[in-house]
Amino acid sequence: MRVVAKAALGVALLSGASACSRNDTAVWIEEVESRDGSVFQLEGKGERGASGFPFAHRGGIGYQSYYHRLSKAYWKAPAPYYPEVFDLVDGVPYVVVALRGNMLCHLLDYPANSLLVFRWTDKAGWERAPSDVLPHGLHLNILSEVFSERDKARDVRGFVSLQSKNPYGVKETLADSIRKGGDLCEKLRGGSIKTDYVVPRLTGFHGRPPQ
């Protein structure tokens, strides 16, 4: 299982790198429900390789970005560091990224609950935070799929309402997601991995958001 996970991640990263020559772009505005029931908007943008020949219909996802204009918090990261949660806690933006795979768990020192947590600050940008600072009641509130596997015409675009994201109103909490998937990093703890892959810089400022 570890070998499969490492191989799958390697293919994804390689596909993302090879897709840089010609990319499809998705741009959208997404309604997001906070844990307290309030609603805010995120401006999203992403790129995916137009061709994945000879292994897939499309190339890898280069990046996805999310901008909360009111706080000026801007998250932009390559695969596979896409948030499952982007929420405001007492007005402060938090991003939660779930790790999938042995190599990332190892390189990021097996974080608790297999989660990377980042908190936004005006002076330093994104700062790493322990998962135990997260309040109860957070739920998976970001679009889980932006790009179609086959057809760019089916990529997310335009305005995405809460109703279209979640027509049945069912919320999966972050706690339920952890329980369902288990603590992958803890299960995979130990051993050594040889790799040239370098974790991108996920703290600080992530460049310039859309104007």
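Which helix gives the most to the lining of the second largest pocket? The answer is in point 2, after a word on the model.

1. Basis. This is a predicted model, in which local features need pLDDT of at least 70 and side-chain atom pairs count only at pLDDT 80 or more, while totals for chains, interfaces and linings use all residues. Residues are numbered from 1 along each chain as its sequence is written, and side-chain values use heavy atoms, with hydrogens and water left out. The protein chain has an average pLDDT (the predictor's confidence in each residue, from 0 to 100) of 87, and 90% of the residues score at least 70. In residues 1-20 the pLDDT is below 50, and this stretch has 21 contacts (heavy atoms within 4.5 Å) in the model beyond near neighbours in sequence. Where pLDDT is low, the predicted coordinates should not be read in detail.

2. Second largest pocket. Helix 4 (residues 174-181) gives the most to the lining, with 4 residues. Helices (H or I, at least four residues) and strands (E, at least two) are DSSP runs, numbered from the N terminus. A pocket here is an open set of points on a 1 Å grid over the protein atoms alone, where a 1.4 Å probe fits, with protein on both sides within 12 Å along at least five of seven lines; lining residues have an atom within 4 Å of a point. The space in this pocket is about 270 Å³, a volume being the space filled by probe spheres set on the points, which are joined across faces, edges and corners. Its lining has 13 residues, and Pro135, His136, Leu174, Ala175 and Ile178 are those nearest its centre.

3. Ile178. This residue is found in helix 4. Apart from neighbours within four places in sequence, Ile178 is in contact with Asn113, Leu115 and Asp183.

4. Disulfide. The count is 1 disulfide, defined as a pair of cysteine sulfur atoms within 2.5 Å. Cys105 is joined to Cys185, S to S 2.1 Å, and the link is left-handed, with -80° about the S-S bond. Cys105 lies in helix 2 (residues 102-107) and Cys185 in helix 5 (residues 184-187), so the pair ties together parts 80 residues apart in sequence.

5. Gln64 stands opposite Ala77 in strand 4. The two strands form a hairpin with 4 residues between them, and Lys72 in the turn has a positive phi of about 70°.

6. Backbone points to check. Ala79 and Pro80 are joined by a cis peptide bond, with omega about 0°; Pro80 is in the loop between strand 4 and strand 5 (85-89). Tyr110, although not a glycine, has a positive phi of about 50°.

Note on methods. Two strands pair if DSSP finds at least two bridges between them.
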